[in-house]
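Visitor: I would like to learn how to read a protein model, feature by feature. Could you walk me through this one?

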Amino acid sequence: MPFIEARGLTKRYGSSIAALRDVSFSVGKGEWVAVMGPSGSGKSTLLNLLGGLDRPSEGTIIAEGQSLADLPASELARFRAEKVGFIFQQFHLVPYLTALENVMLAQYFHSLADEAEAIQALTHVGLGDRLDHLPSELSGGEQQRVCVARALINQPNLILADEPTGNLDEVNEALVMGLLTELHREGHTIVMVTHDPEIGRMAERRIELHHGRLTEVSFFPSHEEELIDNLLSAVWHAREDTGASLVDAGAMPEFIESRATFRLMAREELIAFADGRLSFTPPGEQRARIAIRRHRLAERLFYDTFGLEEDLLHDNAHKIEHSLSPEVTEKICKFLNHPRTCPHGSPIPPGACCPPGTGA
Ligand code: ADP
């Protein structure tokens with residue numbers, strides 16, 4: 001049984017605007033789903049319906065086997081307080097309550113306020129020394145972390161996040177995404193609205209909306225793996241260029257463009273990241289070695305066999321390299337007689353097929 005089942009959701013505002021039109025999908029327990037789409041496509045409307053903040057004009061939502069439409073207002077409020085943790089872009093903190101009191105207020109709506117537990121939650125998000133600050137005395141990133149603590153205080157099964165990093169700088173974005181990753185790992189179900197593909201990539205599945213219609217449901221497909229291979233290759237190149245095993249992340253344009261994917265790679269223990277410097281873990285280095293080898297062999301193939309011009313090699317190799325299986329890569333290596341360098345002179349890491357002493 002899915003954790004959430006949405007069927008035929010339509011939401012109209014007045015007679016002319018349909019923010020959602022006949023949207024159906026389901027979310028499994030423990031899944032992390034990104035709801036994506038341009039501004040005005042209905043993402044926030046959908047999230048509000050899933051969280052019981054609003055009711056659909058048509059259609060049904062079954063959450064943990066219970067139809068939200070059948071719940072009277074008081075029980076819908078109980079569903080929100082007990083089952084759902086909200087993280088909004090605009091924070092929605094009570095301005096005259098301290099960080100601690102904001103978290104304790106959420107506890108109070110659920111059952112009983114417990115100060116020690118609330119302090120622990122704020123300490124967990126790195127705000128143990130900001131308990132008595134008012135929201136106006138906290139930075140945007142700190143306010144968002146109070147929201148994360150507040151969303152989690154009642155151990156909700158479902159976390160709904162609406163552009164959770166929309167207003168944050170990169171450091172706080174990384175902190176908040178790290179907290180969401182941790183929650184996902186602990187088994188919470190997360191539905192997250194974002195228009196940022198880099199943030200969306202952290203999820204396992206994507207639902208896309210356009211003009212209120214669901215246009216696509218996709219698992220992050222093999223292009224994700226290709227991107228990881230390309231980024232590992234970029235780290236390899238940076239290492240070759242500098243001769244140092246630690247790479248300055250800020251000097252890599254790929255790092256700036258693909259921050260979330262780098263975090264994913266750190267999560268999967270392909271790279272290590274400390275003090276602004278990247279390094280490979282042994283599995284990451286091995287995977288980069290395979291990717292580099294495949295790319296440089298493909299270049300060699302186009303150069304030696306087809307006589308392709310040097311400046312066309314990279315793009316052409318790039319088009320085929322991700323489809324080369326390990327077996328085919330070995331065959332190419334043998335066919336080319338185990339070359340040591342690519343046509344640009346960079347070393348080709350040797351493979352298992354290479355006789356000892358060949359290659360780089
Ligand atoms: P997104 O989150 O993708 O930016 P929204 O769900 O906020 O999109 O909005 C979808 C559409 O519904 C937009 O055209 C928006 O103007 C409209 N809309 C949203 N909320 C209301 C409301 N309370 N009253 C009238 N129109 C609304």
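**Reading the model**

Guide: Let us begin with charge: the mean positions of the 33 positive and 51 negative charges of the protein are 4 Å apart. Lys and Arg count as positive and Asp and Glu as negative, while His and the chain ends are not counted. Each charge is placed at NZ of Lys, CZ of Arg, CG of Asp or CD of Glu. This is a predicted model, in which local features need pLDDT of at least 70 and side-chain atom pairs count only at pLDDT 80 or more, whereas totals for chains, interfaces and linings use all residues. Residues are numbered from 1 along each chain as its sequence is written, and side-chain values use heavy atoms, with hydrogens and water left out.

Visitor: How many helices and strands does the protein have?

Guide: Helices (H or I, at least four residues) and strands (E, at least two) are DSSP runs, numbered from the N terminus. Here there are 13 helices and 13 strands. The C-alpha trace spans about 75 × 45 × 35 Å along its principal axes.

Visitor: In what order do the four strands of the open sheet stand?

Guide: Two strands pair if DSSP finds at least two bridges between them. The order in this open sheet is β2-β1-β4-β5, with antiparallel pairing. Because β2 (17–27) and β5 (66–67) each have a single partner strand, they stand at the edges, and one side of each is left without a neighbour in the sheet. Seven antiparallel bridges join β1 (residues 4–13) to β2, and Tyr 13 has Ile 17 in β2 as its bridge partner.

Visitor: What about β3: why is it largely enclosed by the rest of the structure?

Guide: Buried means under 20% relative accessible area, exposed over 50%, and partly exposed in between (1.4 Å probe, protein chains only). Five of the five residues of β3 (residues 32–36) are buried, so this strand is largely enclosed. Trp 32, Ala 34 and Met 36 point one way, Val 33 and Val 35 the other way.

Visitor: Which strands pair with β3?

Guide: One is β8 (residues 189–193), parallel to β3 over four bridges, where Ala 34 stands opposite Met 192. Another is β9 (residues 205–210), also parallel over four bridges, and there Met 36 has Glu 208 as its bridge partner.

Visitor: And what share of the whole protein is buried?

Guide: Buried residues make up 50% of the 360 residues. As for contacts (heavy atoms within 4.5 Å), among those between residues at least 6 apart in sequence, 67% join residues at least 24 apart.
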